[in-house]
Every structure is written in C-alpha cells, then in structure tokens.
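Subject: Structure handover

Hello,

Please find the structure below.

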Amino acid sequence: MIQAVRATDDDCLAPIACREALRLATQEPHARLHRHTGFAAVADGTIDMPAYRMMLVRLYGFYRPFERALAAAPMRTQWLAADLVWCGVDVSAHARIPECRTMPPLPSRATQLGARYVVEGSALGGRQLARGLDRLLGRDCADGRRFFAGRGADTGHAWANFTAELAAHDAESAARTNLVAAAVATFAAFETWLADWSDAA
C-alpha cells in the first residue's frame, strides 16, 4: 500500500495532493523513459525511418489495449495508425501488431485517473519529440508525427483540465492509494513493453 505523506512545519505528517503523490511515486520510471534509446533518438533527431517505424509499432501495441482498458475513444490509437500508414506500414497489418498483455485493470474512476496521469503527462513532452522529427520527416511536414504532436496548442489546456480532475480527488483519501497504484502499474507496463522496442516486427 502506498501512503503519500509530507512533513509540515511542526513535523506532523499530512496527506499530500494527488498530483504530488503521483509525481513522487512515478519519478524514477519517468526519468528512465526520458533516457529510453528510442525516445532519445527521436528527441535528438538521429532516429532513422526503420527505427521510427518500429517505435510506432511498439507504441501502437501499447495504446490500443490501453484505450480499450480505459473504455476511452481510441484517439491516440488513431493518431498512431495514421503515422504508421504514412510511414509505409500496411493498414491491414494493424490487427496483427502484437499488443501489451500486462495492462493493469482499471475498474474505477480513481484507477482510470491514475493510468491517465501517465499518458496525459507524456503528451506534454510529445510536442518537443515531434520537433525532433524535423530531420527525418521534414520541417514543414505534419504527417508522420501525429501521435507526438498530439493536441498541438491545446495540449496545455488538456493537462489543466486533467489536473483539475485530480484535484477533485484530493479529499478522497480512500481512493488515493488505488489512483497512485494504477499510475505505477501503468508506468511499469509501458516501460516493460518498450524495453525491446527495436525488435518490433
């Protein structure tokens, strides 16, 4: 069980906000993913097309079951499908792309919020990664990077809306443990799934 606490000025312990609890619980896997070889190659503009296709395939294999588990509209799955088609992957092959089988169950709003924290937070850095694809795709080409570009200029607004949802759970201490545990489990599934990304077919 994860108990998120902080010390106050008089050395008493008090529950901390959900957003801070999530940040503290996931900061290590978050840092490791920043150093992931595929994301690093996208960020510094050194990824080539075969490697980029493999990265997209691996991401598609995660987000497709993730959005199903969340019972959400397949927005990111559709962005990835469009990028795959643009990069030369036959759309009929999408059904055969391997999927992550270790997605945590998300039976409640609290667990869904915890899982969403992982993907909504990653979208903040996605726009920078999208710019890293200029060398590969062309500076003025929007195609092929739809997933990383995400909501574009609306990304910050979407994050603000999400953190407002988190704030509503700050008073619900019973749900907080499940919320944080779902975020940790989602990060773990994502990190494990991406570990052998360069072997994606």
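In which hand of crossing, left-handed or right-handed, does α5 pass α8? The crossing of α5 past α8 is left-handed; the term applies if the near helix is turned anticlockwise from the far one by less than a right angle, and clockwise would be right-handed.

Some conventions first. This is a predicted model, in which local features need pLDDT of at least 70 and side-chain atom pairs count only at pLDDT 80 or more, while totals for chains, interfaces and linings use all residues. Residues are numbered from 1 along each chain as its sequence is written, and side-chain values use heavy atoms, with hydrogens and water left out. Helices are DSSP runs (H or I, at least four residues), numbered from the N terminus.

Helix pairs

The axes of α5 and α8 are 10 Å apart, at an angle of about 155°; axes are lines fitted to C-alpha atoms over the stretch in contact, with angles from 0 to 180 degrees between N-to-C directions. α5 is therefore roughly antiparallel to α8 (an angle over 145 degrees). The contact (heavy atoms within 4.5 Å) includes Leu 113, Tyr 117 and Leu 124 of α5, and Trp 159 and Phe 162 of α8. Its residues divide into seven nonpolar, two polar and five charged. Here Ala, Val, Leu, Ile, Met, Phe, Trp, Tyr, Cys and Pro count as nonpolar, Asp, Glu, Lys and Arg as charged, and the others, Gly among them, as polar.

Helix α3 (residues 49-69) and helix α4 (residues 75-86) cross at roughly 155°, and their axes come within 9 Å. This pair is therefore also roughly antiparallel, and α3 passes α4 in a left-handed crossing.

Pockets

A pocket is an open set of points on a 1 Å grid over the protein atoms alone, where a 1.4 Å probe fits, with protein on both sides within 12 Å along at least five of seven lines; lining residues have an atom within 4 Å of a point. The volume is the space filled by probe spheres set on the points, which are joined across faces, edges and corners.

The largest pocket has a volume of about 700 Å³. Of its 31 lining residues, His 30, His 34, Gly 121, Ser 122 and Gly 125 are the closest to its centre. α5 gives the most to this lining, with 10 residues.

The second largest pocket has a volume of about 160 Å³. Its lining includes Arg 127, Arg 131, Arg 139, Arg 145 and Arg 146, and α5 supplies the largest share, three residues.

Regards

Key: Helix = DSSP H or I, 4+ residues; strand = E, 2+ residues; numbered from the N terminus. Parallel < 35°, antiparallel > 145°, perpendicular 65-115°, else oblique.
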